[in-house]
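Morning, everyone. I have one model to walk through today. Please keep the sequence and the structure in view while I talk.

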Amino acid sequence: MLEKVFFGGKKEQQVTEKIRRHIEILHTAAECFKKALEERDKEQLYCVPDLEREADSIRREIVSAIYEGAFLPYLRSNICRFVEIVEEAFDRLEDAASVLENVGLSLDKEIEEDCITIADKNLKMSEMLLIAFDTLFGKDDLREKTLAIRIYEKQVDEIKVDLIKKMSETEVKNFWHGKMLSDFVSFLTRISDVIEDASDYLHIINISLR
Amino acid sequence: MTELIPLAACVLIAFGIGSNDTSNALGICIGCGVIRLQRAILLFGCFVVLGILLQGQKVMQTVGKNLVDVNLPIMSIALSVSAILIILSNWKKLPLSTHQVIIGSLAGAGVAAGVAVSFLNLLKIVLSWLISPLVAFFTALFLYRAMEKTISKLSLFRIERILRVLLLLSGILISYNTGANELATIVGPAIHSGLMERTPASLIGSLFVFLGAVLLSRRVIETIGKGITTLDPFSGFAAQFGAGICVLFFTFLGMPISTTYCIIGGISGVGMSKGMKTVKMDLIRKIIANWFLAPTLAFLLSYLIMKIIA
């Protein structure tokens, strides 16, 4: 009884488990994407839209449960916003996967290595986001985790500058090939921005009841 | 037949308390989804009955016996004037304290009738009106600081859970005070004038508070419930519980004091912990003006009507 009163109701537990699952799926999708890029494996790439659909369905369940009364109203809008931001990361990952498929999984050697490095940073950031979310249940300092995410994001920004410079010096086959490469880099580098936004929202949620 | 006038006035005021004060007590809990409306009303009713039966006696004695030597004409005029003023203030959306109106009316009618009015007790009551918001201010401030040093250190989801329990406790305390202090102020004169016995008067008073809550509180609660999404439950609890403790303390002393003014004191206390600029001084000035206006108006009206009739 006391456990239920002081350590969380059924609705809240279900929602937090689903949010955790949502972030875990983001991590799995980022891992699939990185493998597909490294190994030029189309099968690996297909798991990204599949995982996005699964995550979308979980997002709907989370938002419904919150508006059915889970958590204090003061927290609800921030939690929903956090889940929507994570969903945006899925969308950008799916966009990047779609463009990668369109270019036949082959990138110019000059840029491929940088893209794999960015995909790896995205993977680490999603893992760190999951660790950051878990700190909401314990006594660990959330600021350390959000700081790590910010550092990863800064590294991605630095790689992006180099990448754009290299791309501008690369010859493209035609307009559409150039556009697809440009879109691919935009989507890929946007993922880290979105994960950083999500970690900022975690910080807001964490301090909102104090 | 003339006995029906004060009884009808009592019933009206009790009904008004039920319709308005349920939201004071449990509006936040309903808005936060801590408890459903029907359960909240039932809980409110139960704690009003408990409050008046367990602890209403001292306030009843102060208002009905120690302040004015109450008789039927005084009670008829004082409670009728109070009921009319409270209904008018609700209609015009001007917040008047039920306690201040009743005490002002009883004193006005008593002075006009030439019966013994204990000015010492009146002074004690007025002093308690002055001191109680300050006590609530410091209690809420202390509570907020204590919560910052204890609960605030816990993990987010545990804070959320604890706040739900604390908000419910706070609502229950305010419901209890509604019976022990507010309802006791209304039925006190009826009991000490010999119009009714204590237990039936308390139960009938509680019944009409409950009826007011069942029939008319829903809209007020919905308004508060919608508005609460923008409130911070952490400071909201500190202000409400600080006020609740303060009212309970004055109930022990037998002083009829306003929960609303204590909540205002509590909110100011929490606001002060975040800096003087967060307290809206214009609003505080309006509340102070109202604080003077309500008992003065009730006193003068009852005095004049009593003089005219007598």
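First, a definition: helices (H or I, at least four residues) and strands (E, at least two) are DSSP runs, numbered from the N terminus. This is a predicted model, where local features need pLDDT of at least 70, side-chain atom pairs count only at pLDDT 80 or more, and totals for chains, interfaces and linings use all residues. Residues are numbered from 1 along each chain as its sequence is written, and chains are lettered from A and ligands numbered from 1 in the order in which they are written.

Start with Thr16(A). It sits in helix α2 of chain A, residues 10–39. Is Thr16(A) buried or exposed? The cut-offs use C-beta atoms placed from the backbone: buried means 20 or more others within 10 Å, exposed means 12 or fewer, and partly exposed is in between. Thr16(A) has 20 such neighbours inside 10 Å, so it counts as buried. Now look along the chain to Ser186(A). That residue is 170 residues away from Thr16(A) in sequence, and the two C-alpha atoms are 31 Å apart.

Next, chain A as a whole. It has seven helices and zero strands. From the N terminus, the order is α-α-α-α-α-α-α. The radius of gyration of chain A is 19 Å, close to the 17 Å from the globule rule for 210 residues, so chain A is as compact as a globular protein of that length. That radius is taken over C-alpha atoms, and the rule is 2.2 Å times the number of residues to the power 0.38. The C-alpha trace of chain A spans about 65 × 30 × 25 Å along its principal axes. Of its 210 residues, 38% are buried.

Contacts next. Two residues are in contact if their C-beta atoms, placed from the backbone, lie within 7 Å. Take the contacts in chain A between residues at least 6 apart in sequence: 83% of them join residues at least 24 apart.

Now some backbone details. Most residues other than glycine have a negative phi. Arg40(A) is not a glycine, yet its phi is positive, near 50°. Arg40(A) lies in the loop between α2 and α3 (42–67) of chain A. It counts as partly exposed because it has 15 C-beta neighbours inside 10 Å. Phe71(A) also has a positive phi, about 70°, without being a glycine. Its place is the loop between α3 and α4 of chain A. Phe71(A) has 25 C-beta neighbours inside 10 Å, so it counts as buried.

Helix α4 of chain A, residues 73–102, has 30 residues. Its end-to-end C-alpha reach is 44 Å, close to the 44 Å expected at 1.5 Å a residue. The expected span is 1.5 Å times one less than the number of residues. Just after α4(A), Gly104(A) takes a positive phi of about 70°.

Last, where do the chains meet? In chain B, 20 residues are in contact with 20 residues of chain A. On the chain B side, α7 (156–192) and α9 (233–252) each supply at least two residues. The largest share, ten residues, comes from α7(B). By type, that side of chain B divides into ten nonpolar, five polar and five charged. Here Ala, Val, Leu, Ile, Met, Phe, Trp, Tyr, Cys and Pro count as nonpolar, Asp, Glu, Lys and Arg as charged, and the others, Gly among them, as polar.

That's my tour. Thanks.
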